[in-house]
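Subject: The model you asked about

Hi,

Here is the structure for you to open alongside this email. Have a look at it, and then read on for what turned up.

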Amino acid sequence: VHATSFIDAVLGIADYQKARVIFDVLTTAPLISPKLAPLGTLFALPEEMQQLVESHVGSIRALLPPDAPAEVRSHFDDVAWIPSDLRANAPLADLVVVGPPTEWAIDWLRRHVIETLLLTSGTPLLLLPAAGTLTAVNHAVLGWKAGAAATRALHELIHLAAPGARIDVVAVKHGLGDRPESAIEPVIAMLKPHGFQIAGHALPSDEAPQDALSAFALEAGADLLAIGGFAHSRLREIILGGVTSSLIHDPRLPILLAH
């Protein structure tokens with residue numbers, strides 16, 4: 001279990017939001033190597049697997065403060081089936097928080113859990129960076145390209161941002177004839193009545209959109225980068241090799257994803 005910093009970060013978010021937390025502990029059948037997932041599953045006796053599951057759950061419970069508003073649930077299956085199991089059995093939630101790759105033993109499982117929940121649950125995902133924490137969102141960057149997923153990210157950001165927060169609405173130019181400034185204007189008009197401090201930005205297209213957005217957010221010292229499906233019509237393409245793939249693989253600041 002690689003979870004100490006992640007648990008601390010999630011409990012910090014929950015404390016600020018006055019929220020209840022459910023930790024889902026994912027235990028896979030043994031693998032020859034995590035790099036072979038979803039292949040390479042080894043046989044294990046049921047008694048051995050039960051002991052492994054109880055050990056994982058017990059390790060998480062031992063890291064929780066006695067009065068933490070948290071529940072621990074376990075999921076065990078072949079690694080290929082766990083994302084679907086989680087989708088079918090996970091309770092309704094306001095937000096799903098996912099730790100960085102450094103706190104996952106199997107990178108394949110992390111990527112496919114993100115993909116499955118994002119595409120099917122209707123719940124926004126918050127991806128935390130390594131050793132990252134997040135409490136109040138006082139400054140956020142919204143990566144914008146008009147569409148259903150970006151609009152969903154906008155609405156989720158309104159709920160998550162602190163009152164009076166600064167929000168930079170950023171669009172990346174995609175060609176000489178592209179005018180992202182005109183797409184930003186309605187977003188600014190929608191956000192202003194909520195009392196946020198709003199600024200619009202159009203970034204040049206001389207680098208990949210995910211790099212431009214991440215660099216802008218980091219340079220601005222933002223607490224959070226919120227994005228939807230701003231580069232492709234199919235979010236599956238984005239996750240498996242499109243514009244947000246690097247943000248998912250190695251987030252350098254908290255990323256709010258919505259679909």
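First, a word on naming: helices (H or I, at least four residues) and strands (E, at least two) are DSSP runs, numbered from the N terminus. Ser 214, for instance, lies in helix H7.

Please keep in mind that this is a predicted model, in which local features need pLDDT of at least 70 and side-chain atom pairs count only at pLDDT 80 or more, while totals for chains, interfaces and linings use all residues. Residues are numbered from 1 along each chain as its sequence is written, and side-chain values use heavy atoms, with hydrogens and water left out.

**Overall**

The protein has 9 helices and 9 strands. Of its 259 residues, 46% are buried (under 20% relative accessible area, with exposed meaning over 50% and partly exposed in between; 1.4 Å probe, protein chains only). The accessible surface is about 12,700 Å², and carbon and sulfur atoms hold 54% of that (Shrake-Rupley method with a 1.4 Å probe; for residues, only the protein chains shown count as cover). Taking contacts (heavy atoms within 4.5 Å) with a separation of 6 or more, 75% are between residues 24 or more positions apart.

**The sheet**

Seven strands form an open sheet in the order S3-S4-S9-S8-S5-S6-S7, with mixed pairing (two strands pair if DSSP finds at least two bridges between them). Strand S3 (96–98) and strand S7 (197–203) are at the edges with a single partner strand each, so one side of each has no neighbour in the sheet. From one strand to the next, the twist averages 25° (axes are lines fitted to C-alpha atoms, for helices over the stretch in contact, and angles run from 0 to 180 degrees between N-to-C directions). S3 pairs with strand S4 (residues 125–127) in the parallel sense over 3 bridges, and Val 97 has Leu 126 as its bridge partner in S4.

**Helix H7 and Ser 214**

Helix H7 (residues 209–220) lies across S5, S6, S7 and S8, at about 145° to S6. Back to Ser 214: with a relative accessible area of 8%, Ser 214 is buried. Leaving aside residues up to four places away in sequence, Ser 214 touches Leu 225, Leu 247, Arg 252 and Leu 253.

**The cores**

The largest nonpolar core has 45 residues, and those with the most contacts inside it are Phe 23, Leu 142, Val 169, Leu 191 and Leu 224. (Such a core is a set of buried Ala, Val, Leu, Ile, Met, Phe, Trp, Tyr and Cys residues joined through side-chain atoms within 4.5 Å.) Helix H1 gives the largest share, 7 residues. A second, separate core of 32 residues includes Val 98, Leu 117, Leu 127 and Leu 257.

Val 21 sits in strand S1 and counts as buried at 9% relative accessibility. The C-alpha atoms of Val 21 and Pro 69 are separated by 6.3 Å, although the two residues are 48 apart along the chain.

In helix H3 (residues 82–89), Ile 82, Pro 83, Asp 85 and Leu 86 are the buried residues. They fall within an arc of 160° seen down the axis of H3, so they line one face of the helix (the arc is that of the directions from the helix axis to the C-beta atoms). These buried residues pack against S1, strand S2 (70–77) and helix H4 (107–120).

Best wishes
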